[in-house]
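Please take a look at the model below.

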Amino acid sequence: MKIYYSQTADRELPVEEDYTPVKLRESIAKTRKALEIAYSGFDNAVDSDMIDCYIYQINSLQKQYKHLSELAALETASDQKPVRSRLSIRALMEHVFS
């Protein structure tokens, strides 16, 4: 009995990846839309396995949305100009006027 081994030539072509920066607002909007779709699917699910699937998906998307919201809050906080403390201003004034 002979055993033949053949290698298939079906190799996947390399896919070019998109490395453009993702905007935070776009990510939040996409997550919000996915969350709405998951809630809609949960409302229409009949099978218990699909209900479980939607519960896990909703929990995952809620955590993702929370994380993105926290990032957005940090981004807006870092965009504001830092407030100088009175101590540094007093030290500067004492240095100038002494």
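Predicted model: local features only at pLDDT ≥ 70, side-chain atom pairs only at ≥ 80, totals over all residues.

In what order do the elements of the protein run from the N terminus on? They run α-α-α. The count comes to three helices and zero strands.

The average pLDDT of the protein is 78. A score of at least 70 is reached by 58% of the residues. Among the elements, H1 has the highest mean pLDDT, at 93. Helix H3, residues 86–97, has the lowest, at 58.

**The protein as a whole**

Of the 98 residues in the protein, 12% are buried. The accessible surface comes to about 9800 Å². Carbon and sulfur atoms hold 56% of that surface. Residues 24 or more positions apart account for 53% of them.

**Helix H1**

H1 covers residues 24–44, which is 21 residues. From its first C-alpha to its last, H1 reaches 30 Å. That is close to the 30 Å expected at 1.5 Å a residue.

Which residues of H1 are buried? They are Leu24, Ser27, Ile28, Thr31, Leu35, Ala38 and Gly41. Seen down the helix axis, these buried residues fall within an arc of 145 degrees, so they line one face of H1. An α-helix has 3.6 residues a turn, so residues three or four places apart point the same way.

The other side of H1 carries exposed residues. These are Arg25, Lys30, Ile37, Asp43 and Asn44.

| Residue | Relative accessible area | State |
|---|---|---|
| Ser27 | 18% | buried |
| Ser40 | 38% | partly exposed |

Why does Ser27 count as buried? Its relative accessible area is 18%, and buried means under 20%. Ser40, at 38%, is partly exposed, because that class lies between under 20% and over 50%.

What does Ser27 touch, leaving aside residues up to four places away in sequence? Ser27 touches Val22 and Leu68.

Notes: Residues numbered from 1 in each chain as written. Heavy atoms only, no water. Helix = DSSP H or I, 4+ residues; strand = E, 2+ residues; numbered from the N terminus. Expected span 1.5 Å × (residues − 1). Buried < 20%, exposed > 50% of the residue type's maximum accessible area, 1.4 Å probe, protein only. Arc of directions from axis to C-beta. Contact = heavy atoms within 4.5 Å. Areas by Shrake-Rupley, 256 points an atom, 1.4 Å probe, with all protein chains shown as cover. pLDDT = per-residue confidence, 0-100.
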